[in-house]
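Below are the points I would raise, in the order I would go through them with the model open.

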Amino acid sequence: MLDDWPGSVVKRLTMTFSAFAPGRVELLGNHTDYNDGVVLSAALDLGISVEGGIRNDGKISVRSEGMQPVSASVGRLEPTGEWSDYPLGVTKILQSAGWDISGFEASYRSTLPLGAGLSSSAAMEVATAVLLTKMFPKPVTPLDLAKLCRRSENEFVGVNCGLLDQVSSIFGRAGHAIYLDCRSETVETVPFPNGAALVIVNSAVKHALTGGEYNERREMCFEAARAIGVPALRDATEHSLAAADMPPLVRRRAAHIIGENDRVTRALGFLRSGDAAGFGQLMTASHKSSMENFENSTPELDALVRIANSVKGIFGARLTGGGFGGAIVALAEESRAEEAASEIAGLYHVETGYDGKALVCHPGRGAWEANDMSSQTRSP
Ligand code: GLA
């Protein structure tokens, strides 16, 4: 029970541990991760911080601002559909991977807007995984930790997400975008264009990945790959898609993934040459494909992208993350970013009546770097 938290627990805990994991923004490569494809993302300078201590009585107590505190026993961790599924799921998965967890207390604080598609859930998973690795040290590589967090989301929370969110939260690097190849599972960080910033605007329409649309899109992508006769849509081309037989809806879903993989590859070239304008155009093309092919946009996200593109200093914009609500990300001229952000939010309010919160962000540090995990853990 939490009756003794925080007062007496703080006295009892011999040592306080802390961890931070950032949220992420998907820059390009929508729904490509579970299709063995490529993605560009960035960790944000916003995220989830956690503080806590070790318990030796087999009990876990977790709390987070504005949420019901939850207690559980290390030996009996089952999903409840509550926010605590994120930390408790990671605990269970780490236990099954050999972490010897005797119990712990953890208190979370977030600077990330919830339900905006900025991966607050992955940030909570990663923050927990890092915290537990500091409390109960075990050698692990950053990629393996990302995969364990993803397993928790898949097996405990029940969302069949790919690796994007957890990899971005762990591997982020200040001033850099993250390029993830989901087939070879390799991660590269690429400098973000000089003089560019990210503007993120929440549509204020709730995003819930557990809504079923995500898993349904995933199934359609697999159906398309089977129809084309390839292991994954990563291996499909416009040409092989045109030659295959499948329902028109499935064809459009596949066209989105094929287009996104291609845009990521082209965008990587623009990043390397520091071409923010070229990158921005690909972002806007990605959104058009979300609207027309993948149908994971909403009228509010469409309005935000249209408005963003009408504002001075914006290179391009698109929905970010799973879709079906949440936020857009725009690439902006750094010197115009603050002004552009408030112009977009203002115009959006006039048009829709929604209070779309706008943030200017920069690619931030991932959990590995932010928590100096290289000194805490050994890579094999
Ligand atoms: C969500 C999932 C990711 C990824 C994106 C879409 O954020 O958690 O794994 O599939 O949607 O690209």
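**Notes on the model**

1. Let me begin with Ser203, which is buried at a relative accessible area of 0% (buried means under 20% relative accessible area, exposed over 50%, partly exposed in between, with a 1.4 Å probe and protein chains only). Ser203 belongs to the loop between strand S8 (196-202) and helix H6 (213-228); helices (H or I, at least four residues) and strands (E, at least two) are DSSP runs, numbered from the N terminus. A polar atom of the Ser203 side chain is 2.7 Å from the backbone oxygen of Gly326.

2. A word on the basis of these notes: this is a predicted model, in which local features need pLDDT of at least 70 and side-chain atom pairs count only at pLDDT 80 or more, while totals for chains, interfaces and linings use all residues. Residues are numbered from 1 along each chain as its sequence is written, and side-chain values use heavy atoms, with hydrogens and water left out.

3. Strand S8 also holds Val199, a buried residue with a relative accessible area of 0%. Its C-alpha atom is separated by 9.3 Å from that of Ala308, 109 residues apart along the chain.

4. Do have a look at the ligand site. The ligand is surrounded by 14 residues, the closest being Glu26, His31, Asp33, Asp165 and Tyr214 (a residue counts if one of its heavy atoms lies within 4 Å). The side chain of Glu26 has an N or O atom 2.5 Å from a ligand oxygen, and the side chain of Asp33 likewise has an N or O atom 2.5 Å from an oxygen of the ligand. From Gly162, a backbone N or O atom lies 2.9 Å from a ligand oxygen. Taken alone the ligand exposes 310 Å², of which the protein buries 98% (areas by the Shrake-Rupley method with a 1.4 Å probe).

5. Strand S1 (residues 17-28) is mostly covered, with ten of its twelve residues buried. Strand S2 (residues 38-54) pairs with S1 in the antiparallel sense over ten bridges; pairing requires that DSSP finds at least two bridges between the strands. Within S2, Val50 is the bridge partner of Ala19.

6. Finally, two backbone angles to check. Glu185 is not a glycine, yet has a positive phi of about 55°; this residue lies in the loop between strand S6 (176-181) and strand S7 (186-191) and is partly exposed at 26% relative accessibility. Asp372, also not a glycine, has a positive phi of about 45°. Asp372 sits in the segment after helix H12 (367-370) and is partly exposed at 41%.

Definitions and conventions: A polar contact is a pair of N or O atoms within 3.5 Å; within protein, one must be able to donate a hydrogen and the other to accept it, and residues adjacent in sequence count only if both atoms are side-chain atoms.
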